[in-house]
Amino acid sequence: VEEVRRRLLDPRQDEVPILTMALEAGFGSIVSFNRAFKDRYGLTPSAYRAESRAAALATASGSLHNSVE
């Protein structure tokens, strides 16, 4: 689960489907992976990816805003 969590944080992996990551990490189905991920992190993998993207955008926007001032 940790391997996939790290991949979800990597912007270079944005186009890789979560199912592909789960299967490559050894899970037999997306259902078992989603359950294990949510049990560990409190969010589904899709929600985790969305939140990490939003946080990255907010950080980038803040950095850009600060450099303009």
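Buried means under 20% relative accessible area, exposed over 50%, and partly exposed in between, with a 1.4 Å probe and protein chains only. These legends describe a predicted model, in which local features need pLDDT of at least 70, side-chain atom pairs count only at pLDDT 80 or more, and totals for chains, interfaces and linings use all residues. Residues are numbered from 1 along each chain as its sequence is written, and side-chain values use heavy atoms, with hydrogens and water left out.

**Figure 1. Overview of the protein: 4 helices and 0 strands.**
The order along the sequence is α-α-α-α. Helices (H or I, at least four residues) and strands (E, at least two) are DSSP runs, numbered from the N terminus. The protein has 69 residues, and 22% of them count as buried. Contact means heavy atoms within 4.5 Å. Take the contacts between residues at least 6 apart in sequence: 51% of them join residues at least 24 apart.

**Figure 2. The buried face of helix H1.**
Which residues of helix H1 (residues 2–9) are buried? They are Val-4, Arg-5, Arg-7 and Leu-8. Viewed down the axis of H1, these buried residues fall within an arc of 160°, so they line one face of the helix. The arc is that of the directions from the helix axis to the C-beta atoms.

**Figure 3. Arg-7 and its polar contact with Glu-24.**
Arg-7 sits in helix H1. Is Arg-7 buried or exposed? Its relative accessible area is 18%, so Arg-7 is buried. The side chains of Arg-7 and Glu-24 are joined by a polar contact of 2.8 Å. A polar contact is a pair of N or O atoms within 3.5 Å; within protein, one must be able to donate a hydrogen and the other to accept it, and residues adjacent in sequence count only if both atoms are side-chain atoms. Setting aside neighbours within four places in sequence, Arg-7 is in contact with Gln-13, Val-16, Met-21 and Glu-24.

**Figure 4. Arg-5 and its polar contact with Tyr-48.**
Arg-5 also belongs to helix H1. At 17% relative accessible area, Arg-5 is buried. What does the side chain of Arg-5 reach by a polar contact? The partner is the side chain of Tyr-48, at 2.9 Å. Not counting residues up to four places away in sequence, Arg-5 touches Phe-37, Tyr-41 and Tyr-48. Tyr-48 is buried at 16% relative accessible area. Tyr-41 has 24% relative accessibility and counts as partly exposed.

**Figure 5. Aromatic pairs and the ring cluster.**
A pair of aromatic rings is described by the distance of the centres and the angle of the planes. Rings of Phe, Tyr and Trp (its six-membered ring) pair if their centres lie within 6.5 Å; planes under 30 degrees apart count as stacked, over 60 as edge-to-face and the rest as tilted. How many aromatic pairs does the whole structure hold? The search finds 5. One of them joins Phe-37 and Tyr-48: edge-to-face, 5.4 Å centre to centre, with 75° between the planes. Phe-37 lies in helix H3 and Tyr-48 in helix H4 (residues 45–68), so this pair ties together parts that are 11 residues apart in sequence. Phe-37 and Tyr-48 are both buried. The ring centres of Tyr-41 and Tyr-48 are 5.9 Å apart with planes at 45°, so that pair is tilted. Ring pairs link Phe-27, Phe-33, Phe-37, Tyr-41 and Tyr-48 into a cluster.

Helix H3 (residues 30–41) has 12 residues, which should span 16 Å at 1.5 Å a residue. The end C-alpha atoms are 16 Å apart, which agrees. The expected span of a helix is 1.5 Å times one less than its number of residues.

**Figure 6. Ala-50 with Leu-8, and Leu-23 with Phe-33.**
Ala-50 is found in helix H4 and is partly exposed, at 43% relative accessible area. Ala-50 and Leu-8 are 42 residues apart in sequence, yet 9.1 Å apart in space, C-alpha to C-alpha. Leu-23 lies in helix H2 (residues 18–24). Leu-23 is partly exposed, with a relative accessible area of 45%. From Leu-23 to Phe-33 the separation is 10 residues in sequence and 8.7 Å in space, C-alpha to C-alpha.
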